[in-house]
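Here's a quick briefing to read alongside the model. Have the structure open and follow along, topic by topic.

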Amino acid sequence: RASLHDRVVARLRSAMDEGDARAVVLAMATGERGEISNDLRQSYSASGASHLLAVSGLHIGIAFMLINILLLPLVLLRYGNVWRSVVAVVLIWLYVWICGASPSAVRAAIMFSLLQLSLSSLYEYVGINILAGTAFVMLALSSHLLFDISFQLSFVAVAAILLWAVPLYRLCATRFKVVNSLIGVLLVGVASTLATMPLVANTFSTVSLVGILINPVVILLANIVVLVGLLTFAIPQLGAVAEWAAEWQNGVVE
């Protein structure tokens, strides 16, 4: 894993100039946080956006979307949906493995794997049931994760999104897709920030109220950083776009 991780990181490094923007792209796209300076790390922590620097549900979700788009031609084949789901699940777990397989990334990989399989079957995907089942399996295999802050933050944030943000989104949805996307990002940011605030305060002795305001903007930029960062591995010329988005994200955070 270390060898493959190093090769991916080296390829992305060669497509971008050294600096804080490249450090953020590497952290968000590959889990490589060795280039992040102490000042930048403190800025993200103080603004409540430090979760973006670790590969988690947001990052896996973007990879999930990109993989499904790239595998779309497979549906033209016989049993294409089945092959697409199998290949997508393998690639999702490969990505999680390359990025270090943190508890939050594993949780997201399990949930997106089940979502992928449900897309090619007649079974209904019930998010909160899958979240509870995922937590049960992970704790059965490794009970000490219950006291891991990454595990706690990951599950609390996703539970808040499923129980608070999704119902509110259905109430606030309009006829316009662009407006709906903005509403969705806003609700996800607010719900996850408010739900994890007690844990963050207890663990890190800090509360970032500004995080509630900037999280929606930062999450929008984070989508661009991760998506373009992953594409840069195949198309190095996109490195400049990933750097641009990361610079804006760093600017908002600072």
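Let's start with a salt bridge: the side chains of Glu35 and Arg13 meet at 2.5 Å, N to O. The term means a side-chain nitrogen of Lys or Arg within 4 Å of a carboxyl oxygen of Asp or Glu. Glu35 sits in the loop between H2 and helix H3 (38–46) and Arg13 in helix H1, so the pair ties together parts that are 22 residues apart in sequence.

Before going further, note that this is a predicted model, in which local features need pLDDT of at least 70 and side-chain atom pairs count only at pLDDT 80 or more, while totals for chains, interfaces and linings use all residues. Residues are numbered from 1 along each chain as its sequence is written, and side-chain values use heavy atoms, with hydrogens and water left out.

**The salt bridges**

- Searching the whole structure turns up two salt bridges.
- Besides the bridge to Arg13, the side chain of Glu35 meets that of Arg22 in a salt bridge at 3.1 Å, N to O.
- This second pair also links distant parts of the chain, with Glu35 in the loop between H2 and H3 and Arg22 in helix H2, 13 residues apart.
- Put together, Arg13, Arg22 and Glu35 are linked in a network of salt bridges.
- How covered are these residues? Buried here means under 20% relative accessible area, exposed over 50%, and partly exposed in between (1.4 Å probe, protein chains only).
- Glu35 is partly exposed at 24% relative accessibility, and Arg13 is partly exposed at 29%.
- Arg22 counts as buried, at 10%.

**Helix H5 and its surroundings**

- Helices and strands are DSSP runs numbered from the N terminus (helices are H or I, at least four residues; strands are E, at least two).
- H5 covers residues 80–98, which makes 19 residues, and reaches 27 Å from its first C-alpha to its last.
- That reach is close to the expected 27 Å, where the expected span is 1.5 Å times one less than the number of residues.
- The buried residues of H5 are Gly80, Arg84, Ser85, Ala88, Val89, Ile92, Tyr95, Val96 and Ile98.
- What do they pack against? The buried residues of H5 pack against helix H1 (2–14), helix H2 (20–30), helix H4 (57–70), helix H6 (103–119) and helix H10 (210–232).
- Ser85 lies in H5 and is buried at 2% relative accessibility.
- Leaving aside neighbours within four places in sequence, Ser85 is in contact (heavy atoms within 4.5 Å) with Gln116, Leu117 and Ser120.

**Backbone angles around H5**

- Most residues other than glycine have a negative phi.
- Tyr79, in the loop between H4 and H5, has a positive phi near 55° and is not a glycine.
- Tyr79 is also exposed, with a relative accessible area of 54%.
- Just after H5, Gly100 takes a positive phi of about 110°.
- Ala101, in the loop between H5 and H6, has a positive phi of about 55° although it is not a glycine.
- Ala101 is partly exposed, with a relative accessible area of 37%.

**Aromatic pairs**

- The whole structure has three aromatic pairs, which are rings of Phe, Tyr and Trp (its six-membered ring) with centres within 6.5 Å; planes under 30 degrees apart count as stacked, over 60 as edge-to-face and the rest as tilted.
- One of them joins Phe64 and Phe112, with ring centres 4.9 Å apart and planes at 35°, so the pair is tilted.
- Phe64 lies in helix H4 and Phe112 in helix H6, so the pair ties together parts that are 48 residues apart in sequence.
- Both Phe64 and Phe112 are buried.
- Phe151 and Phe155 also form a tilted pair, 4.4 Å centre to centre with 40° between the planes.
- Phe151 and Phe155 are four residues apart in helix H8, about one helical turn.
- Phe151 is buried at 5% relative accessibility, and Phe155 is buried at 10%.

**A nonpolar surface patch**

- Val126, Ile128, Leu163, Trp164, Leu168, Leu171 and Leu194 form a nonpolar patch on the surface, with about 660 Å² of accessible area together.
- Patches are made of residues with over 30% relative accessible area and no salt bridge, with like charges joined within 9 Å and nonpolar side chains (Val, Leu, Ile, Met, Phe, Trp, Tyr) within 5 Å.
- Accessible areas come from the Shrake-Rupley method with a 1.4 Å probe, and for residues only the protein chains shown count as cover.
- Helix H8 (residues 149–172) gives the most to the patch, with four residues.
- Leu194 lies in helix H9 (residues 177–204) and is partly exposed at 40% relative accessibility.
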